[in-house]
There are 2 protein chains.
Amino acid sequence: MIRPLIWEDKQLKILDQRRIPWSVEYLLCSTSKEVEECIKNLSVRGAPAIGAAAAFGIVLGAMEHGSDSKDYFSISLKDKAGSLMEARPTAVNLFWAVKRMLKKFENIKDNKIKEIVKGLEEEALLIYKEDIHANKKIGELGAFLISKEDKVLTHCNAGALATAGYGTALGVIRSAYKQGKKIEVFVDETRPVLQGARLTAWELKEEGIPFTLITDNMAGYLMQKGVIDVVVLGADRIALNGDTANKIGTYSLAVLANYHKIPFYVAAPFSTFDLSLTDGELIPVEERSWEEVTHILEKRIAPEGSKVFNPSFDITPHNLITAIITEKGIIENPDHNKVQSLLKES
Amino acid sequence: MIRPLIWEDKQLKILDQRRIPWSVEYLLCSTSKEVEECIKNLSVRGAPAIGAAAAFGIVLGAMEHGSDSKDYFSISLKDKAGSLMEARPTAVNLFWAVKRMLKKFENIKDNKIKEIVKGLEEEALLIYKEDIHANKKIGELGAFLISKEDKVLTHCNAGALATAGYGTALGVIRSAYKQGKKIEVFVDETRPVLQGARLTAWELKEEGIPFTLITDNMAGYLMQKGVIDVVVLGADRIALNGDTANKIGTYSLAVLANYHKIPFYVAAPFSTFDLSLTDGELIPVEERSWEEVTHILEKRIAPEGSKVFNPSFDITPHNLITAIITEKGIIENPDHNKVQSLLKES
């Protein structure tokens, strides 16, 4: 089983995803700052995984108090929470998890510090376990949408590595495969950071699920040829109307799938919904360093001084999404009313 | 001036495009086999450039005769021509140029060998010069389609490097820029071989034309944001109905441009039209080695043993093309009748 995060001996072990597929190494975090750094430098990435990591970051922050003053403890914890929330701007799971941890803190803040730390640890472990549970449920529900010999296109990595474990889009794929469906996965390499080529291909290989790696610009050709039956990918933030922020390139795939009348599914847990945003235009899109584009594996591929634009995400409007697969149900042709009613039911 | 091919001292100097942007080095070819190898290994690439290089390859082949037997000379030349034509399958300019050289040979085959070689050399130089002339004319005509502050998206390299000089799509961009238009070019990096990041960015930097480099999957996002005004790119083979084979990813851009109502222009000389094919489905699409996808600059980016699909080109149907810019005129909303009538006029 692939475990991107391991909470052990009051420390967080983070699988260094920058080194996959070349090696499998864990980074040991014993401070909230170290967790924050791992989120910033992409050692841990993927919206649900970032959320779970940040929750453990809060626990580590609480363990660092170094004083018995409750006032100082509270100020210090909130400061660390604020800092963690600034690590990356697009995936809402980060804010969701940190806010949930702070809410827990509010509920138990009158206890002794030792008990508060224990309470926070329990909450982080709950977030972690709930995410795996949600993923498995997403996989189970989503597998109904995959037919027995489907060619499934996915983009970036929405796998075990992107979550507490199991995966959202890859959770759907895993479940379909486990049911004996003879699927084949087409994996977009996903420039610039190559999460598809490095991470998704690695996960699928580990599980023995047949896959074919392509460059991002080949997906349209495969759709035109009638090869792709269905697109399944993850999300970093979903607005109340169903508009979805996900890895750059997702929007292009949605337009292409729409043109070729291919079902386009987003798989994500409830923690990815942002209840404060009415539509996708309000989702902040992170821009990352130009070196991600001009360099690959530290080697320059473009002339020196090339100007670069490097948005990490794009926003797919809900009308291009066939359905959103959540742990509580599938939202077909998502819109404001349908998203609202599923969220309220739960 | 960028010169991908230099015919000098009865030898062909080929600018090694595999080494750009890191270094500018010429490979010296004195046999048709060496030219063939340069075409195969992408030292020279781009449909018109391949055509011109192959023409010089025929001259070198004729110079290699090593015997005064006319029969042997003819057999040997045709054998070399056949071998050159097998170097790459998609760009029709290769076959066009070799066939034109063989036609020239038929016309002068009763002369002495020395005179035949001279005649073939003249024909190759004519192909070379005509291509530069065609490019400049394409640039001149195409520049009318570019408005004064346009943001122009291009894919792969259809520049001086892809032709005898000046370029087709980049010829249009060069001409518009020379007219004082304050354009900005958005350059798709063009995986797997990175002709955009390596070659187009290098050409634009050399000329001081403002450009921004993006990964291929960012083009749709820029279109959605209203940043891109027009798409201009080259072609490797155009069928009689206007269907166009070009670098993989072109078709996706055409669908995206169509969805966003952005003009989508193909710039190509007459030598890129294949008069024998009624539509694009008949164009053979080259598949290249899996290492182009699994490795970047010789470093592996995917798990070992990953299965890969690597088509080098795709076919864009004519109904997604706003216009084809040729040296003889612009074919708006290209179809069989319009392409036919322009070809006949000339």
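Buried area is taken here as the accessible area, computed with a 1.4 Å probe, that two parts lose on being put together, summed over both. In this predicted model, local features need pLDDT of at least 70 and side-chain atom pairs count only at pLDDT 80 or more, whereas totals for chains, interfaces and linings use all residues. Residues are numbered from 1 along each chain as its sequence is written, chains are lettered from A in the order in which they are written, and side-chain values use heavy atoms, with hydrogens and water left out.

Between chain A and chain B an area of about 4600 Å² is buried, 65% of which is given by carbon and sulfur atoms. Contact, meaning heavy atoms within 4.5 Å, involves 58 residues of chain A and 58 residues of chain B.

Four salt bridges, each a side-chain nitrogen of Lys or Arg within 4 Å of a carboxyl oxygen of Asp or Glu, are counted between chain A and chain B; one of them joins the side chains of A:R191 and B:E189, with an N to O distance of 2.6 Å. The side of chain A that touches chain B draws at least two residues from each of several elements, including α7 (195-207), β6 (211-214) and α9 (250-259), helices (H or I, at least four residues) and strands (E, at least two) being DSSP runs numbered from the N terminus. On this side of chain A, α9(A) gives the most, with six residues.

Strand pairing, which requires that DSSP find at least two bridges between two strands, also links the chains: β13(A) and β6(B) (residues 211-214) run parallel and are joined by two bridges, and A:K307 has B:T212 as its bridge partner in β6(B).
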